[in-house]
Amino acid sequence: MSLSVAVACVLLFLAVAYAVVLYNGLVRLKHGVSKAWSNIDVLLRQRHDELPKLVETCKQYMQHERSTLERVIKARTAVSDAREQGDVGALGQAETGLRAGLVRLFALAESYPELRANESFRHLQQRISGLESGIADRRELYNESVNLNNVRVEQFPDVLLARAFGFREAALLQFSEAEKADLDLKPLFG
């Protein structure tokens, strides 16, 4: 075997090995985005299950606040639908509406001392507030995973393999400007 054939074989092997490393990195990033989304999905499902209990508890005390309760229920459904469809854009909009409804609901609860004293309500309020914090944390991780993925599928030479094997950019989970502000619900329950 001549030296030039040996060099060509080594270069070919190195090129294939480099392509495999790039491909595996893209696969790892794609699955990182999926994992981050799954982590958000778990918390969204938990909150989805807790909200009817909160609304039912509030209904017993807040007879005159039906529109607020209905707004929370409608927003809960919109979040659920967007989550099930995997529509990140619609989820961001639905989350904005749901959080606004929850803030209003918790603020209105101040007018109902019996409700605030209710152990079930306090537990649900704390549980939902904790889930909100968890969702915000996981949203950061998801967006970081998406950013890493999107950079890799656009940069050279990764873009060559990304296009060849169908790796795509993922959508960031973005909320409205009002949603970006931290919500501290604890002062509402003094």
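The dialogue below goes from the overall fold to single residues.

Biologist: What should I keep in mind before reading any value?
Modeller: This is a predicted model, where local features need pLDDT of at least 70 and side-chain atom pairs count only at pLDDT 80 or more, while totals for chains, interfaces and linings use all residues. Residues are numbered from 1 along each chain as its sequence is written, and side-chain values use heavy atoms, with hydrogens and water left out.

Biologist: How many helices and strands does the protein chain have?
Modeller: Helices (H or I, at least four residues) and strands (E, at least two) are DSSP runs, numbered from the N terminus. Here the protein chain has seven helices and zero strands, so the order of elements from the N terminus reads α-α-α-α-α-α-α.

Biologist: How do I read the radius of gyration of the protein chain?
Modeller: The radius is taken over C-alpha atoms, and the globule rule to set beside it is 2.2 Å times the number of residues to the power 0.38. For the 190 residues here the rule gives 16 Å, but the radius of gyration is 24 Å, well over that, so the protein chain is more spread out than a compact globule. Along the principal axes, its C-alpha atoms fill a box of roughly 90 × 25 × 25 Å.

Biologist: What share of the residues counts as buried?
Modeller: Buried means under 20% relative accessible area, exposed over 50%, and partly exposed in between (1.4 Å probe, protein chains only). In this protein chain, 39% of the 190 residues count as buried. Phe-106, in helix H3 (residues 88-109), is buried with a relative accessible area of 0%. Asp-41 of helix H1 also counts as buried, at 14% relative accessibility. Arg-163, found in helix H6, counts as exposed at 67%.

Biologist: How far apart are the mean positions of the positive and negative charges?
Modeller: Lys and Arg count as positive and Asp and Glu as negative, while His and the chain ends are not counted. Each charge is placed at NZ of Lys, CZ of Arg, CG of Asp or CD of Glu. With 24 positive and 24 negative charges, the mean positions are 3 Å apart.

Biologist: How many aromatic pairs are there?
Modeller: Rings of Phe, Tyr and Trp (its six-membered ring) pair if their centres lie within 6.5 Å; planes under 30 degrees apart count as stacked, over 60 as edge-to-face and the rest as tilted. A search of the whole structure finds four such pairs. One of them, Tyr-23 with Phe-165, is edge-to-face, at 4.9 Å centre to centre and 65° between the planes. Tyr-23 lies in helix H1 (residues 3-59) and Phe-165 in helix H6 (residues 158-165), so this pair ties together parts that are 142 residues apart in sequence. Tyr-23 is partly exposed at 31%, and Phe-165 is exposed at 51%. Ring pairs also link Tyr-23, Phe-165 and Phe-167 into a cluster.

Biologist: Which residues does Ala-171 touch?
Modeller: Leaving out residues up to four places away in sequence, Ala-171 touches Val-88, Tyr-142 and Val-146. Ala-171 sits in the loop between H6 and helix H7 (177-180) and counts as partly exposed, at 42% relative accessibility. Asn-150 is 21 residues away in sequence from Ala-171, and their C-alpha atoms are 8.9 Å apart.

Notes:
Contact means heavy atoms within 4.5 Å.
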